[in-house]
Amino acid sequence: MTVKLPVAKLDDFFAALSAKTAVYLPSDNSAGQSEFRRWESGVKLSSRLNTTRSAKDFFFPQTEDIVDFNMKGKTIEVIDRRTESEDFVVFGARACDVASFAILDSVYLADPVDSFYKNRREHGVVVSLACARPDSTCFCPLFGIDATEPSGDVTGWIAGEDLYLKPNTEKGTDLVASLGAVASEAKDLSAVDRQKKETGEILARLPFAKRDMGKFGGEKLIELFNSPKWAGLSEACLGCGTCTFVCPTCQCYDIRDFDSGHGVKRFRCWDSCMYSDFTKMAHGNPRLTQVERFRQRFMHKLVYYPSNNGGKFGCVGCGRCLKSCPISMNIVKVMKALSEEK
Ligand code: SF4
Ligand code: SF4
């Protein structure tokens with residue numbers, strides 16, 4: 001059953017949810033960026049389209065402790081740092097970010113299952129929020145993602161003066177049921193339908209949303225791998241890794257040991273295929289030049305991942321890499337250059 005509540009009463013909604021569980025929502029910070037923050041009185045929902053960092057942080061944080069090895073005289077104490085995650089709600093994830101969870105699931109929930117990730121997925125409830133005004137940098141339709149009807153445990157729309165919530169899963173149904181008198185049944189969904197129609201028209205006009213993706217995918221591996229275009233495309237790349245850190249689907253990490261003074265703390269942290277020491281091993285580095293590293297990032301999303309996942313691409317068209325790269329390089333430029341190759 002779809003329910004609704006007035007946008008003017010959003011604080012009552014967040015307060016009702018927060019009484020039982022931690023609630024995170026996009027909110028503007030002092031730098032004018034939208035970031036996910038835990039709700040407390042005074043935290044307001046951002047009106048911006050997307051958070052600067054993606055929602056993947058909730059399930060795959062930038063750093064996390066794995067295990068401690070503590071010296072105790074002549075013995076070593078091993079402490080497993082896994083803890084049961086607290087229950088939490090992620091409110092306001094856009095369709096692209098929700099789609100990215102399926103990509104992360106295909107990696108981290110495949111055998112061998114990543115128990116850290118699985119634990120957070122089990123404890124998290126995703127309440128998505130449909131986009132009303134997609135940005136000029138968005139291109140989610142290219143990957144079959146409908147920004148007007150995002151998935152998640154609950155799909156949310158802010159249409160007219162109201163927030164509408166439609167549960168999609170058991171977790172979502174429980175969440176909606178827990179709202180009690182804060183929300184009421186939405187018998188008339190015409191405001192939602194109107195907004196979906198208007199947004200659909202904007203989506204159809206997006207500059208980057210139309211591209212022939214037939215050029216990409218598994219069959220094109222050798223042709224694209226050997227393309228002479230990579231040298232020119234990667235020439236100005238700084239190897240800063242910003243594109244990988246804002247990307248909701250990048251999933252590479254490193255495991256490092258830190259001398260704690262009385263033993264070793266082992267932790268994992270995001271890594272970037274754009275870095276010169278990425279996958280460096282005892283024998284050396286398999287990708288010695290930036291052009292090889294640059295190619296790896298885009299081949300992974302456009303060719304390798306689809307080859308192993310039934311043609312599904314490893315990009316969700318969120319546009320974050322379009323906004324954040326200091327040299328204005330991004331996956332759209334790469335797709336365009338490779339598509340135009342004879
Ligand atoms: S490659 Fe760029 S557009 Fe695609 S999901 Fe990553 S940050 Fe978003
Ligand atoms: S953000 Fe731009 S400059 Fe930095 S590694 Fe990515 S493509 Fe290269």
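Biologist: What share of the contacts with a separation of 6 or more comes from residues 24 or more positions apart?

Modeller: That share is 70% in this chain, where contact means heavy atoms within 4.5 Å. Bear in mind that this is a predicted model: local features need pLDDT of at least 70, side-chain atom pairs count only at pLDDT 80 or more, and totals for chains, interfaces and linings use all residues. Residues are numbered from 1 along each chain as its sequence is written, and side-chain values use heavy atoms, with hydrogens and water left out.

Biologist: What makes S3 and S10 edge strands?

Modeller: Strands are DSSP runs of E with at least two residues, numbered from the N terminus, and two strands pair if DSSP finds at least two bridges between them. The open sheet of eight strands runs S3-S2-S6-S7-S8-S9-S1-S10, with mixed pairing. Strand S3 (34–38) and strand S10 (184–185) each pair on one side only, hence the name.

Biologist: How do you know that S2 and S6 pair?

Modeller: Strand S2 (residues 22–28) and strand S6 (residues 88–93) share three bridges, in the parallel sense. Ala22, for one, has Phe88 in S6 as its bridge partner.

How values were computed. Chains are lettered from A and ligands numbered from 1 in the order in which they are written. Helices (H or I, at least four residues) and strands (E, at least two) are DSSP runs, numbered from the N terminus.
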